[in-house]
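Subject: Structure handover and notes

Dear colleague,

Please find the structure we talked about just below. My notes on what was found in it follow.

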Amino acid sequence: MSQDRRVESYDRGRIEDVGRWKDWAKHKPGMWAFYLHRFTGLVLSFYLVMHLAVLGTGFWLGHEEYTAILQGLESLYIVRVLEIGLFAAFVFHALNGIRIVMFDMTIGLDIQEQLFYLSIALSFAIVVAGVPFFLL
Amino acid sequence: MATTEETQKPDAATATDEETATLEVFRYVPEEDDEPYFETFEIETFEGMTVLDALIKIRDEQDPSLTIRHSCRMARCGSDAVYINGTQRLACNTQVREVGDPVKVEPLPRFDVIRDLVVEMNEFYDRMESVEPWFQPDHEPETGEEYLQSPENRRNIDTVLDCIWCGACTSSCSPAATDSDFPGPAALAKAYRFYKDEREGEETRKRRLEMLESSHGIYRCHTQFNCTEVCPKGISPTEAIMEMSRDAVKEKLRFWR
Amino acid sequence: MSTKPSKTAGWNWFLQRATGVALVVLLGFHFAVEHFIVGAHHITAENTVERITHGLIQGDHVLGQITINMPAFLYQASAILLLAFSIFHGMYGVYNILMEQDALKKYRQPLKYFFIVFSIALFIQGVLIFLAFFEPFWEIYDPR
Ligand code: FES
């Protein structure tokens, strides 16, 4: 803070205190929704960049290399498990995103907690139903 | 019959008011300490004792150097917002026996500490000022000497008018913490109070909306609902911000049509 | 506190919401095609060409034998829109997270240009990938 402090004061910091992690157990559902939304958003953005980089082989190297790289990656078990994570991130981000758009239209502001639990429950159900598609 | 006796025992204990509570209080005196620390106090409690009562009792009986800002003691002035057991609350509006034991009292998070539980509020007041929280009518009233407001219009701002500038919501809001250009929930709820006031006229309403629409204005709200959870007066700044951003976007779409 | 009015903030905010809602459908469709119908480990350059050039979605995965022949332009439009929307939504989201940090206040302008350039680069890369599996393009230029 470059604000002029009119009295001497002790700056406990802002960046390291963000979210008051040491009190994480006291966080309310709305805050958890925010954390999860931001985290999944960052995961998806990172994946988008990586995805375009990997698929770029199709243009820059050629079709055989494209097939070889995709099959090579998919043969790794860890990649398939991570894909479930990606799917989970998308499903939660989508459902919670709908929740946020509802708020923007000033719908359901007073049932925000229930909506958050609903989005968690729905994403859990959808991801569990989707697991076989990724592992088989 | 032994069971009834057992169940009656704790009741009897509360009736005689012989309970004690442990208070862990954040201490920092700039002239003496390099770093803040926590000091533990044991006090006797009574039915209906608030955290502020407890702190005053400690100051009176145990450590006269304990500093806390307070005035009305009835949740009216907003000077004693502190961080009690992980939530921003008014000390005078929180029962010692209801928040659990020990009671951990800290100054408002993300505000700079001047001494013990007293924080530097100027930055918060700057945020409040940035939304121009004063009445700016377009023109003089046509008839009579008074600015008349319809009861329906007044009802819109019934809750946001209760704001006591305690700073609890702004302390709980993470975008307000990381972005010093963001006015924060209290200021935006205050802006809503004037935005909704019909006596100000269309011109001022447009201007206010434009001002709030800056890239570090209403759109920085991430609907965390922390402000709504901690407000001691039951105001929902989230709701106010959402309504303003909805209106702002509607206005834009209307131009486009 | 600076309350400098901004012409673009509102529009971007609105676009973030609009692309978000569209992405629920588009990305859901993308997942359905690539993971649920075709299956990620069955993807080859050949069936990617079938999908992008002819709109022919063929798969033999958990759901069994499935063949969907949708209008090619519809599939192509969904692919390009998915590309554009996801880049806007993702990059504007990350950009906003950085804009909110006081620590990065000095770098706001450079960050803005970086994100614009980076998003355009990503979009071009995506279009090139699309063209690599789009047969009419090969008559002009064979990427291999
Ligand atoms: S002392 Fe006035 S609000 Fe608590």
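I begin with Met128(B), which sits in helix α3 of chain B, residues 122-130; helices here are DSSP runs of H or I with at least four residues, strands are runs of E with at least two, and both are numbered from the N terminus. Before going further, please keep in mind that this is a predicted model, in which local features need pLDDT of at least 70 and side-chain atom pairs count only at pLDDT 80 or more, whereas totals for chains, interfaces and linings use all residues. Residues are numbered from 1 along each chain as its sequence is written, chains are lettered from A and ligands numbered from 1 in the order in which they are written, and side-chain values use heavy atoms, with hydrogens and water left out.

Met128(B) counts as buried because its relative accessibility is 0%, where buried means under 20% relative accessible area, exposed means over 50%, and partly exposed lies in between (1.4 Å probe, protein chains only). Leaving aside residues up to four places away in sequence, Met128(B) touches Pro133(B), Trp165(B), Ala186(B), Ala187(B) and Lys190(B), a contact being heavy atoms within 4.5 Å. From Met128(B) to Pro185(B) the C-alpha to C-alpha distance is 9.5 Å, although 57 residues separate the two in sequence.

Chain B as a whole has 10 helices and 7 strands, and its C-alpha trace spans about 75 × 55 × 40 Å along the principal axes. Of the 257 residues in chain B, 54% are buried. Among the contacts in chain B with a separation of 6 or more, 63% are between residues 24 or more positions apart.

Turning to chain C, strand β1 (residues 56-61) has a covered face made of Ile57(C), Gly59(C) and His61(C), and an uncovered face made of Leu56(C), Gln58(C) and Asp60(C). β1(C) runs antiparallel to strand β2 (residues 64-69) of chain C and is joined to β2(C) by 6 bridges; two strands are taken to pair if DSSP finds at least two bridges between them. With 2 residues between them, β1(C) and β2(C) form a hairpin, and within this pairing Gln58(C) has Thr67(C) as its bridge partner.

Elsewhere in chain C, Leu98(C) lies in helix α3 and is partly exposed because its relative accessible area is 24%. Leu98(C) touches Leu104(C), Leu111(C) and Phe115(C), again not counting residues up to four places away in sequence. Leu98(C) and Leu111(C) are 13 residues apart in sequence, with their C-alpha atoms 8.4 Å apart in space.

Between chain C and chain A the buried area is about 3600 Å², with carbon and sulfur atoms giving 72% of it. On the chain C side, Phe31(C), Phe36(C) and His41(C) lose the most area to chain A, together 15% of what that side buries. The contact involves 47 residues of chain C and 39 residues of chain A. There are 2 salt bridges between chain C and chain A, a salt bridge being a side-chain nitrogen of Lys or Arg within 4 Å of a carboxyl oxygen of Asp or Glu. Asp104(A) forms a salt bridge with Arg17(C), with the closest N and O atoms 2.5 Å apart. The largest share of the side of chain C that touches chain A comes from α1(C), with 11 residues.

Between chain C and chain B, 19 residues of chain C are in contact with 23 residues of chain B, and the buried area is about 2000 Å², of which carbon and sulfur atoms give 57%. The count of salt bridges between chain C and chain B is 4. Asp181(B) forms a salt bridge with Lys105(C), the closest N and O atoms being 3.4 Å apart. On the side of chain C that touches chain B, α1 and α3 of chain C each supply at least two residues, and the largest share, 5 residues, comes from α1(C).

With best regards

Technical notes
Buried area is the accessible area (1.4 Å probe) that two parts lose on being put together, summed over both.
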